[in-house]
Amino acid sequence: MHHGIKKLLLLGAGHAHVHVLSRLAQNRPADLDVTVLTPYPHQTYSGMTPGFVAGHYSEQDCQIPLEPLIKAAGAKWVRARCTGIDTAGRRVRLSPVAQSRSQDEILPPDLPYQFLSIDTGAVIDRQRLEAEMPGAAAHALIVRPIEVFAAHWPRVLEQAQARALSVAVIGAGAGGLELLFAAEQRLRSAGVHGACFTLITGGGEPAANYPAGLQARVLRRLRRLNITVLRDTCVGIDQGVVRLGSGTGLACDIPILAIGTHAPAWLQGSGLALSESGHVQVNQFQQSTSHPDVFAAGDVSARVDQPHPRSGVYAVRAGPPLADNLLATNSGQPLKPHHPPKNTLNLISCGAGHAIASWGPLHAEGGWAWRWKDRIDRGFVAKYRRP
Ligand SMILES: Cc1cc2nc3c(=O)[nH]c(=O)nc-3n(C[C@H](O)[C@H](O)[C@H](O)COP(=O)(O)OP(=O)(O)OC[C@H]3O[C@@H](n4cnc5c(N)ncnc54)[C@H](O)[C@@H]3O)c2cc1C
């Protein structure tokens, strides 16, 4: 390393980091050496994935290609996954991505940093899942990583053409609902007859984290589409059967698992201050409360001063202040606080063409809400696409 050059390591290419890269593309300080560690050549925009399932978008429509963005930022891309952080030695441990390396590429065991920013999102931890729902890791179509889910979806369509399928979505948050509505619409519009759809809520109401009025809208939509709602828990999955907490079993060809996410297990042992749920605790500057040289944003982080839900909207909002604070750290300037909004606009798509909108206690629905979401989502991806 040349004297005076500082090493910034960006872990993951989530919503906030694509913004950091675009800022660096506009103006990267000459004394900043930037590396991006992330496993895929694109960032899949999860907000558009239900539209992909519904057949409205192609897989490419939902992706931000990373190589051109990283190149424009004057950064290096290391195609690998982080498996641990040694904050005392300021190094990040890596593991290779299967089949991604040519023979002459040598992946170092770890990468050094002077300051680090983490935006790797949250995960569905396969070990925890297996303990809570034995068989789920083997038999369910799991929504995370979203790239793996998207790669499997076309096979479901092929099966659906061959015979009537029973599809169950486990998890009744916004993501699970959107995927269920999208899958129903796709199979119906493909002329598939006899498919049946079930929502397994985990015990509560669908969209339990939203106002009662929005829940009522969701229930009406589910009823109209003849989707069965089971207010039950999934306690395990065998081939062809979802086992329920009530003791019964649901015959099911395609169990789609869209339960809440977990913090990545590799954060344990890093020395970083973590929340009770294992997420990186950050302050008003998106800076680790224990390590000033580490920043985090998006679903991997937990704001201690202003806790907020984990969603793409909050991850996107954290991008500009994170970029400001990484650049300020590099130049020794004071950091600026980030104030996440109290309420955000939530748009739950009910298949392509219709969405339910909510903002705080207000809610409404219609084709206009879906067109609004379509415009926002396409706009986000277009903003970070480079020729
Ligand atoms: C079907 C679905 C629909 C959704 N729709 C919406 C919506 O409409 N609006 C909304 O606000 N939220 C939505 N969400 C939630 C949203 O997806 C997440 O809140 C959002 O993706 C979090 O963004 P992030 O930047 O933290 O992480 P992510 O978007 O998950 O990005 C993480 C990045 O880190 C990389 N990475 C992962 N692990 C590692 C590792 N070990 N090492 C290095 N890199 C790694 C990934 O490849 C990726 O590039 C939806 C979720 C789902 C499942």
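This is a predicted model: local features need pLDDT of at least 70, side-chain atom pairs count only at pLDDT 80 or more; totals for chains, interfaces and linings use all residues.
Trainee: What order do the strands of the open sheet have?
Mentor: The order is 5-2-1-9-19, five strands with parallel pairing. Strands are DSSP runs of E, at least two residues, and helices are runs of H or I, at least four, both numbered from the N terminus. Pairing takes at least two DSSP bridges between two strands.

Trainee: Which strands stand at the edges?
Mentor: Strand 5 (76-78) and strand 19 (294-296); each has a single partner strand, so one side of each lacks a neighbour in the sheet.

Trainee: And how many bridges join strand 9 and strand 19?
Mentor: Three, in the parallel sense, with strand 9 covering residues 115-118. Leu116 has Val294 as its bridge partner in strand 19.

Trainee: Which strands does helix 9 touch?
Mentor: Helix 9 (residues 312-331) touches strand 1, strand 2, strand 9 and strand 19. Contact means heavy atoms within 4.5 Å.

Trainee: Changing topic: is Ser270 buried or exposed?
Mentor: Ser270 has 3% relative accessibility, so Ser270 counts as buried; the cut-off is under 20% relative accessible area, with a 1.4 Å probe and protein chains only.

Trainee: Which residues does Ser270 touch?
Mentor: Ile85 and Thr87, leaving aside residues up to four places away in sequence. Ser270 itself lies in the loop between strand 17 (254-257) and strand 18 (280-282).

Conventions
Residues are numbered from 1 along each chain as its sequence is written. Side-chain values use heavy atoms; hydrogens and water are left out. Buried means under 20% relative accessible area, exposed over 50%, partly exposed in between (1.4 Å probe, protein chains only). Axes are lines fitted to C-alpha atoms, for helices over the stretch in contact, and angles run from 0 to 180 degrees between N-to-C directions.
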